[in-house]
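My entries follow in the order in which I worked.

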Amino acid sequence: MQKLHLVNSGYLTNAAMLLFAKDPQDFQQGAYIKIGYFASDADLLYQDEIHGSLLEQVDKAIEVIYLKYMKAKISYEGIQRVERYFVPEAALREALLNAVCHKQYESCIPVQVSVYEDRLYVANVGVLPETWTLHNLLGKHESRPYNPNLATVLYYAGFIESWGRGIEKIHTACRADGLPEPEFTVHPGDIMIQFTAPKDRVVRVNEKVNEKVNDSLDEKDQGILDLLSVDPGYTVTQLSNELGFSRKTIAAHMRKLKAEHIIERVGSDRKGYWRISKKPGIHQ
């Protein structure tokens, strides 16, 4: 701790507590990351809190965001499944690291990640260095962390660098993935970054595959088609877990859909995927 300059007059500093305590929230209110999924600005559907040391929180948050909150646009190159999110992991990681590194912890307000189907916000209570404007933040600038002790340890751990290139790294990651650059907003008491999905990366999980449904198809059939339209790589087990029916029931309905030429299997059972080949209600 002394070598990391996290001891002052024989006592551990607040930075030491934030970086290495099992749960800094026990000592400092708001020392966590809060994630919420919104159907609209006024409609919060579900949320999570990510606790643990600052050295752990970013990785934990990224795992939860990609597994639970964001849907990948699925495509196939041959039989190779390709997943594309509208926020590159490198960009999100840098945004979260910037947030936990520069946050004003005395505010007792957590870093907040708001996820929508077509956009994502990362917001933290913080201020720009004195005399800085948004132009300074987005341009070439020196490294001036609000919490230098936190920044030093995160640098030694290999999480960040010490040249003030975090914003440029976010932009570079987005450009490399063919995505629009994020927007930064500086309010009097907080700083927010907004990632926006282009139309070809938006996954509308509540969309129905078809407006017209054949009389021979029931709710289970339609549920399977809805899920396969989002992710053609779903297995029978995964469909069973998502829909709450037994594997035997799902397998029977899959055979029915195949027999009616509504879906077809492309590739092997292990590495292939399902193609919706005919819209229900349309007879060929």
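**Salt bridges**

I searched the whole structure and found 12 salt bridges, a salt bridge being a side-chain nitrogen of Lys or Arg within 4 Å of a carboxyl oxygen of Asp or Glu. The model is predicted, so I kept local features only at pLDDT of at least 70 and side-chain atom pairs only at pLDDT 80 or more, while totals for chains, interfaces and linings use all residues. I number residues from 1 along each chain as its sequence is written, and side-chain values use heavy atoms, with hydrogens and water left out.

I looked up Arg93 and found a salt bridge with Glu89, the closest N and O atoms being 3.2 Å apart. Both sit in helix H3, four residues apart, and so are separated by about one helical turn. Helices are DSSP runs (H or I, at least four residues), strands likewise (E, at least two), and both are numbered from the N terminus. Arg93 is partly exposed at 27% relative accessibility, and Glu89 is partly exposed at 42%. I use buried for under 20% relative accessible area, exposed for over 50% and partly exposed for in between (1.4 Å probe, protein chains only).

Next I took Lys169, which forms a salt bridge with Glu94, the closest N and O atoms being 3.6 Å apart. This pair links distant parts of the chain, with Lys169 in helix H6 and Glu94 in helix H3, 75 residues apart. Lys169 is partly exposed at 29%, whereas Glu94 counts as buried at 7%.

**Helix H6**

I listed the buried residues of H6 (residues 166–176): Gly166, Ile167, Ile170, His171, Ala173 and Cys174. Seen down the helix axis, they fall within an arc of 160°, so they line one face of H6; the arc is taken from the directions from the axis to the C-beta atoms. They pack against H3, helix H4 (134–138), strand S9 (183–186) and strand S10 (190–196), where contact means heavy atoms within 4.5 Å. After H6 comes Gly178, with a positive phi near 70°.

**Cores**

I found 61 residues in the largest nonpolar core, and Val113 and Phe195 are among those with the most contacts inside it. Helix H3 (residues 89–102) gives the largest share of this core, eight residues. A second, separate core has 13 residues, including Leu225 and Ile250. A nonpolar core is a set of buried Ala, Val, Leu, Ile, Met, Phe, Trp, Tyr and Cys residues joined through side-chain atoms within 4.5 Å.
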